[in-house]
Amino acid sequence: MCCDSKRRFLLLYATQKGQAKAIAEEISQQACAHGLEADMHCLSEMDKYNLETEKDPVVIVISTTGTGEPPDTARKFVKKIQDTTLPPDHFAHLQYGLLGLGDSEYMFFCNGGKTVDRRLQELGAQHFYDTGLADDCVGLELVVDPWIDGLWVALRKAILLQKEKEGMNSVVDAVSSPLSPAPHVVHELNLSSEVQNLRLEGDGARSSDVLSQNLDDINLVTPARNTEASLVHSVPPLSQSALNVPALPPEYIEVQFQDICGENPHLSSLILEATTFEVPVKKAVQLTREDAIKTALLLELDISDTVFDYQPGDAFCVICPNNANEVEELLHILGLSEKGDDFVCVKVKQGTKKKGASRPQHIPERSTLKFILTWCLEIRAILKKAFLRALVECTSDTGEKRRLQELCSRQGASDYTRFIRESNVCFLDLLHAFPSCKPSLNLLIEHLPKLQARSYSVSSSNLYQPGKLCFVFNVVEFPACPTRPVSRKGVCTGWLAALVAPLLHPSKNTLDTKGESSSTVKISICPRPNNTFHLPADPSVPFMMVGPGTGISPFIGFLQHRQKLREQHTDWEFGETWLFFGCRHQNRDYLFKQLRCFLENGTLTHLKVCFSRDSSTAEVAPPKYVQDVIRLYAKDVARVLLKERGYFYICGDKKNMADGVSDAVVDILSMEMEADRLEAMKILAMLREEKRYLQDVWS
């Protein structure tokens, strides 16, 4: 315990990919330096805290996932507080501050945090500190850092008021007096380029931790001709600035190699939130021509022997490994090439100064080293500043050490954004760029996040194709660039493409006597239901679908489902259906030309397509993009949405398509209603609230 328990506050976090947890840990660590104690728990650990009886201030850090939902670890908590029988003064005793994490590229920015914040307010809870909403699109630290800086004064005031209420004057005197940092903790290190030698202090620091800050030496490492900043090189004023560097995170994991044999854990043990199913891939089809810019594949999974269930519009997750070559490369750089298949025991380091330290849930206690690097850690994750700070201690070259300090410092925030975040620099990239950096294995486990299962939209209907699940994806390509020495494919899409290659290009050796593939390819999946992106409950309600490229995927399931319903219920009334589809070239990447079949049998009422890269000899050039086509049918859009109370679905790229479609709809509403743009935007917001304007988008 780092301080008196009378200075306690409750710190709760809910995370999907580890960012909220990392920020909560930073708050907990800084709390000690401010003479406070953070009692930290995940929101899912509802047996370890009780907001109904909580008297101390509460700090909540919560992310957003999917289409604006709280993270999986917050779902039970959110369900509990959304109980409509709770009285409006249920949390009248509670004082809290909330930090929400989100991405403004998505429609419901920070909605996980906003949902919890709004509901706590409805139940009588009071803010002791203004809510912060951090945007991952521009850099979470732009809001997170100043929010944390201001937290401590607000917390001291909140604790002071609480103790005054309890009449504990002796404690009031202690809390209201200036709080000096604990002697063994330094939150920030002021690194001046004028100082030749700096001794690092703080948790985890050792007596040998000495940095030589000699600018002349650094200039020898980076020749004068480098006049532009890069990942490995800075320019004035940053290169000559004093730096505020985060405190060194205390190490808390110990990895021991063991001379034993055994089996690695089953993949199902890596997914705690849902049931996993191992299913065969029955068919793989390349939907694009070889000369298309992107390669789109359709995979058909056999789920007939499972209880896996889904609705059209749902998503599901594929449990995928890291690239095998990258894992081997990482083992080589770490000097562990010969130990990849050795078993290791991962446990909490004895005597660690990290409060509440525990082995990460996604890391098995015993497994091979290669299993951890392949299935457990996101080795492609963008490096967080705390990890960069820890890597400083593992770097021997003076110039490289200084550059890593700059990248994790406040003064180097813009360089971090430009050369780490926006360039998607991952751990391997950094190790190539800073060859004197030789981190220990425990640092990887402490700082690299969990390897996330990848989510895909279902592209089929269980009613139309019982026992089958189809999905469509582009094989993602990351070209080589100055910060990425080699080109790479997406973690999951690259793995899937390689896995199903025998199904795409079967040889005589892989075919059985019936001409079908004799090798069974299996993947592990888990459900991720979508609560809103479904067909209207009333089949007579009309709807419009906008899905260029692979964004058409869920709408194939919609149309299959609708076709089967029409066959089974000939006496039902069915509303009209519209589909707006677009791609680059009609002959190269028109993914589902069988859409014509839906049109011919009446399942699809209107099909409107466009091709952005095809040349045209027409006197009036055809529309290039789906948002352009939508404008041509303005009266129909307004009629379906306003008069007939229909639904409007969008799936695909957010930044370049979904925003353009939203702008087009706003213009249409403004024109058809003869209202100004602001009024039209309010109407669109109302449609979103009514769940009649729905998006399934990605950035």
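# Backbone, burial and packing in a predicted model

Student: Is R366 buried, exposed or partly exposed, and at what relative accessible area?

Tutor: The setting is a predicted model in which residues are numbered from 1 along each chain as its sequence is written, and local features need pLDDT of at least 70, while totals for chains, interfaces and linings use all residues. Side-chain atom pairs count only at pLDDT 80 or more, and side-chain values use heavy atoms, with hydrogens and water left out. Buried means under 20% relative accessible area, exposed over 50%, and partly exposed in between, for a 1.4 Å probe and protein chains only. R366 therefore counts as partly exposed, with a relative accessible area of 39%.

Student: In which strand is R366 found?

Tutor: Strands (E, at least two residues) and helices (H or I, at least four) are DSSP runs, numbered from the N terminus. The run that holds R366 covers residues 366-368 and is strand β16.

Student: Which residues does R366 touch beyond its sequence neighbours, and how far is its C-alpha atom from that of F343?

Tutor: Contact means heavy atoms within 4.5 Å. Not counting residues up to four places away in sequence, R366 touches Q258, I260, P265, F343, V344 and C345. R366 and F343 lie 23 residues apart along the chain, and their C-alpha atoms are separated by 6.6 Å.

Student: Where does the peptide bond from P236 to P237 lie, and what is its omega?

Tutor: Most peptide bonds are trans. P237 is found in the loop between α6 (215-221) and β10 (243-246). The bond from P236 to P237 is cis, and its omega is near 5 degrees.

Student: Where in the chain is C110, is it buried or exposed, and what is its phi?

Tutor: C110 belongs to the loop between β4 (95-102) and α3. This residue counts as buried because its relative accessible area is 1%. Most residues other than glycine have a negative phi. C110 is not a glycine, yet its phi is positive, near 55 degrees.

Student: What is the phi of R645, and what is its relative accessibility?

Tutor: R645 lies in the loop between α20 (634-643) and β25 (647-653). Although it is not a glycine, R645 has a positive phi of about 50 degrees. R645 counts as partly exposed because its relative accessibility is 47%.

Student: How many disulfides does a search of the whole structure find?

Tutor: A disulfide is a pair of cysteine sulfur atoms within 2.5 Å. Over the whole structure, the number of disulfides found is 0.

Student: In which helix is T374, is it buried or exposed, and what does it touch?

Tutor: T374 sits in helix α8, which runs over residues 369-376. With a relative accessible area of 16%, T374 is buried. Not counting residues up to four places away in sequence, T374 touches P321, N322, V327 and L451.

Student: How many residues are in the largest nonpolar core, and which have the most contacts inside it?

Tutor: A nonpolar core is a set of buried Ala, Val, Leu, Ile, Met, Phe, Trp, Tyr and Cys residues joined through side-chain atoms within 4.5 Å. The largest one here has 51 residues. Those with the most contacts inside it are L330, L373, L377, L388, F427, L430 and L444.

Student: Which residues does L330 touch?

Tutor: L330 is among the residues with the most contacts inside the largest nonpolar core. Not counting residues up to four places away in sequence, the partners of L330 are L373, I379, F427, L428, L431 and L444.

Student: How many residues of helix α11 are buried, which are they, and what do they pack against?

Tutor: Helix α11 (residues 413-421) is mostly covered, with 7 of its 9 residues buried. The buried residues in α11 are A413, D415, Y416, T417, F419, I420 and R421. They pack against four helices, namely α4 (141-165), α9 (385-392), α10 (398-408) and α12 (427-433).
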